[in-house]
Amino acid sequence: MARETKAKVLSYTQEKLDSDIKSRLSGAYVFFGDEDYMKEHYLGKIRKKLLTAEGFETFNHFIVSFSSVSNLSQDELFVRLSDAVDAMPMMQEQKLVEIRDLSLTNISSKAFETLVDILTHANEVDDTVTVLNLRENEYVVDYKTETSATYKKLALAAKAVRFDSFTPERLATWEKKHFASKELFIAQDAALMLADMCACRMFTINSEFAKLEAYAEVHGKKTI
């Protein structure tokens, strides 16, 4: 059965995750929050860190998708997930298991308990790193989230890392660095406007970069 939720639960910060990536990743992680771009960014870092045996990805990188278009039932997918966690890595020290497309907004209590049990076990498996990647619409986050029973169970079973949206000022700095790498300049007010127009969503801002760069090139401009 899943662990009791009486103990005090603390979020696992991005700083701790950075430290793990630099030193050694272990166990299970849950990525949640509003900023999906950063979740994918950190998953990319984790893949680069772990998947070192070229040509052996089939044995060392498992992606278990609970998408509605899957030919397998939810129960069968949980079996596949459990098997992936217990599989042995090949030609490298650890393997990576990614859990995707599993919405907690309408999950049954039985399925959720099964998930928590698998994460609890995965968190104790030394040769496997498991990441449950919850997109923004798969686990709605608000000010009450970290006091909820659902969150407490997740955070006791795995290391729960919250990815919140950045402020317009923080995003403006990111935009400036990006354009500078392309030898382009964007003023602070324009950068703030871009962040605001994109609702401070990094995926949306990132999709606008190419358009603005193309516009600048066509018109021979160095300033956005």
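**A pair one turn apart**

Why are K211 and E208 separated by about one helical turn? They lie 3 residues apart in helix α9 (residues 202-218), so about one helical turn separates them. Helices (H or I, at least four residues) and strands (E, at least two) are DSSP runs, numbered from the N terminus. K211 and E208 form a salt bridge, with their closest N and O atoms 3.1 Å apart. A salt bridge is a side-chain nitrogen of Lys or Arg within 4 Å of a carboxyl oxygen of Asp or Glu. K211 is exposed at 53% relative accessibility. E208 is partly exposed at 23%. Here buried means under 20% relative accessible area, exposed means over 50%, and partly exposed is in between (1.4 Å probe, protein chains only).

**About the model**

This is a predicted model: local features need pLDDT of at least 70, side-chain atom pairs count only at pLDDT 80 or more, and totals for chains, interfaces and linings use all residues. Residues are numbered from 1 along each chain as its sequence is written, and side-chain values use heavy atoms, with hydrogens and water left out.

**Other salt bridges**

Side chains of opposite charge can pair when their charged atoms come close. The whole structure holds 14 salt bridges. One of them joins D36 to K39, with the closest N and O atoms 2.8 Å apart. These two residues sit 3 residues apart in helix α2 (residues 36-50), about one helical turn. D36 is buried, at 17% relative accessible area. K39 is buried too, at 1%.

E40 and R100 also form a salt bridge, at 3.0 Å from N to O. This pair links distant parts of the chain. E40 is in helix α2, R100 is in strand β3 (residues 95-100), and 60 residues separate them. E40 is partly exposed at 26% relative accessibility, while R100 is buried at 14%.

What encloses strand β4 (residues 128-133)? The rest of the structure largely does, because 6 of its 6 residues are buried. In a regular strand the side chains alternate between the two faces of the sheet. Both faces of β4 are covered. T128, T130 and L132 are buried on one side. V129, V131 and N133 are buried on the other.

Strand β1 (residues 27-32) pairs with β4 in the parallel sense, over 5 bridges. Strands pair if DSSP finds at least two bridges between them. A28 stands opposite T130 of β4. Strand β3 also runs parallel to β4, and 5 bridges join them. There, I99 has L132 as its bridge partner. β3, helix α5 (residues 109-122) and β4 make up a right-handed β-α-β unit. Right-handed means that, with the strands pointing away from the viewer, the path from the first strand over the helix to the second runs clockwise.

**A closer look at T130**

T130 belongs to strand β4. T130 is buried, with 1% relative accessibility. Neighbours within four places in sequence aside, T130 is in contact with G27, A28, Y29, V85, V97, I99, L119 and A122. Contact means heavy atoms within 4.5 Å.

**Nonpolar cores**

In soluble globular proteins, nonpolar side chains tend to be buried together. A nonpolar core is a set of buried Ala, Val, Leu, Ile, Met, Phe, Trp, Tyr and Cys residues joined through side-chain atoms within 4.5 Å. The largest core has 33 residues, of which L81, L119 and L154 touch the most other members. β1, α4 (74-86), β3, α5 and α6 (149-157) each supply at least two residues of this core. The largest share, 7 residues, comes from α5.

L119 is in contact with A28, V30, I99, T130, L132, L154 and A157, again leaving aside neighbours within four places in sequence. A second, separate core has 32 residues, including Y29, V129, L184 and A191.

**Cysteines**

How many disulfides are there? The count is 0. A disulfide is a pair of cysteine sulfur atoms within 2.5 Å. The sulfur of C198 lies 8.8 Å from the closest cysteine sulfur, in C200, which is too far for a bond. C198 is buried at 7% relative accessibility. C200 is buried at 15%.
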